[in-house]
Amino acid sequence: MELILVDQYGGKIQASIRKILFRKWAEVIVEGNMYVMTFFHLIPNMGSYRPTEHGFRILFNNKTNVIPCESSIIPRWGFTLKDSEAVNGDVVQPEYLVDVLGLLTAASELRTYIKDGISTRMLLIEISDEKGKVECALFGDYADIVSDFIAANANEKPVIVFQLAKIKTFRGKNVLQNVMKASRVIFNPEIAEVISFMDRISIVDFKINEPVGKLFTPKPALPMFEDFMNTHPKKSISGLNETAEDGLFIVLGKVVGLLQDDLWWYFACKCHRAVTYDDGIYYCAGCFKHVMDVIPRYRIKLEVSDEVDSANFVLFDYDAQYLLMKSCKEVLAYVKDPKSGEIPSMIEDILVGKELLLKVEKKSNTLFQYDDSYRIKRVCDDLAIIAAYKSAGHVETPNMGNSMIVQSLTAVKLGEEKDLSQCPSISAEVSDPDVLTPSLGDGPSYAGCSGNLFKRKVVDQSNTVSGVGKLKMKQVKLEEE
């Protein structure tokens, strides 16, 4: 049982009651009532979810005495409010829970979030004050409470207090998240802090008497099967090395070695950018400031072969954790000399010999530090997906400007519309490198046509009647096969 106690000065301290004493105090101590407490232990205030900034917390024991009392000078809620500037910056340490007050200015659609096979409701909201705005992610009952309030009060932006919220870093910025059975959401409370807030803001600028706006959420990642099988061009390693095209490609290969010419981990800021050591303190070029809190992240260089050719690929933190099932910090705890550069045997044992599907990025003009390597954007070790990839085979995406096989088109005169119900194979020699786009795998097909149609500067005028398509093409040179 956890308590938060506030005194007449607004100071707060956490109190803990162990399970063995729970029955003794569960019905005696009531939220909102006032007590005098004596004879207890003081222990250091530790942990990643600290509801107060006090250096200690109270621990009840068998001799602890609790006496009810009355007082008119102790505040009911005990808010310790932080503005959006403090939440978005480095003023508040992430291990402390925070209270924020502001206008509920935007909200996303209520949707279902699935993690580890468990689904829960999720809602993103935006809370604004005179210094800016902060985004909040609400889960479970918290999402339902806010969503229901917005639906019932459609023509106003309410004042909201989000109490005991956890600061999380997502995509380089701070986001607030509820703590189950601890956080509290309060709408339009009649307290002095709300009156003061309303006096400070402009009713016109915030459009208080208008509905809560829409908050558009990022598009979720594609399912792994769809991402690796149907979304990006497929390449052999030799094809990847030789192609002049830039973009994302899918490559299948086996890890044959780990390269130790660079350190396999690095220190990063909470925005995930690498930091540099500068005069006894770390500096983040992305945040343009010195930072105190840094975390170790993976940066492992792999040599991958498909038995015909090989190349080097760089595996970063998220995908490395996916394969190794351990954070970089956890692995470093087993390493005697982290700065030696020697890759731990536990990493080699897992990665070397492993067959992987890799979604990789190729850039011909890049400032990427490892210009002799390809950056891995996503990794897949699912045996079923790898087997499906192998059984489907793969069609190399040709380089722009080379002759390309275009199936299921009938030779037409320039500018002429042609019925595509008959589709003998022809080849098209591309004279303009912008005319056709390489095949991206399985695509839309027309009735009676076994091939796929892709266009760039090719206008597709589909006639949906009877499923028959018509195609008008700009200048290409067509030759019968």
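Guide: Accessible areas come from the Shrake-Rupley method with a 1.4 Å probe; for residues, only the protein chains shown count as cover. On that basis the protein has an accessible surface of about 27700 Å², and 52% of this belongs to carbon and sulfur atoms. The model is predicted: local features need pLDDT of at least 70, side-chain atom pairs count only at pLDDT 80 or more, and totals for chains, interfaces and linings use all residues. Residues are numbered from 1 along each chain as its sequence is written, and side-chain values use heavy atoms, with hydrogens and water left out.

Visitor: Why is Ser-16 called buried?

Guide: Buried means under 20% relative accessible area, exposed means over 50%, and partly exposed lies in between (1.4 Å probe, protein chains only). Ser-16 has 5%, so Ser-16 counts as buried.

Visitor: Where does Ser-16 lie, and what is Ser-16 in contact with?

Guide: Ser-16 lies in strand S2. Strands (E, at least two residues) and helices (H or I, at least four) are DSSP runs, numbered from the N terminus. Contact means heavy atoms within 4.5 Å. Neighbours within four places in sequence aside, Ser-16 contacts Met-1, Glu-2, Arg-57, Ile-58, Leu-59 and Phe-60.

Visitor: Is Ser-373 buried or exposed?

Guide: The value for Ser-373 is 8%, so Ser-373 is buried. Ser-373 sits in a loop, between strand S23 (355-362) and strand S24 (374-380).

Visitor: What makes a nonpolar core?

Guide: A nonpolar core is a set of buried Ala, Val, Leu, Ile, Met, Phe, Trp, Tyr and Cys residues joined through side-chain atoms within 4.5 Å. The largest has 31 residues, and Trp-264, Ile-300 and Ile-347 touch the most other members. A second, separate core has 26 residues, including Val-98, Ile-167, Val-185 and Phe-187. In soluble globular proteins, nonpolar side chains tend to be buried together.

Visitor: Why is a space called a cavity, and why a pocket?

Guide: Take a 1 Å grid over the protein atoms alone: in a cavity a 1.4 Å probe fits but cannot get out, while a pocket is an open set of points with protein on both sides within 12 Å along at least five of seven lines. Lining residues have an atom within 4 Å of a point. Points are joined across faces, edges and corners, and a volume is the space filled by probe spheres set on them.

Visitor: How many cavities of 30 Å³ or more does the structure hold?

Guide: Three. The largest cavity has a volume of about 50 Å³. Ten residues line the largest cavity, and Asp-262, Leu-263, Arg-299, Ile-300 and Lys-301 lie nearest its centre. Strand S21 (residues 295-305) gives the most to this lining, with three residues.

Visitor: What is the volume of the second largest pocket?

Guide: About 1300 Å³. Of its 40 lining residues, Leu-3, Ile-4, Leu-5, Val-6 and Glu-31 are the closest to its centre. Strand S1 gives the most to the lining of this pocket, with five residues.
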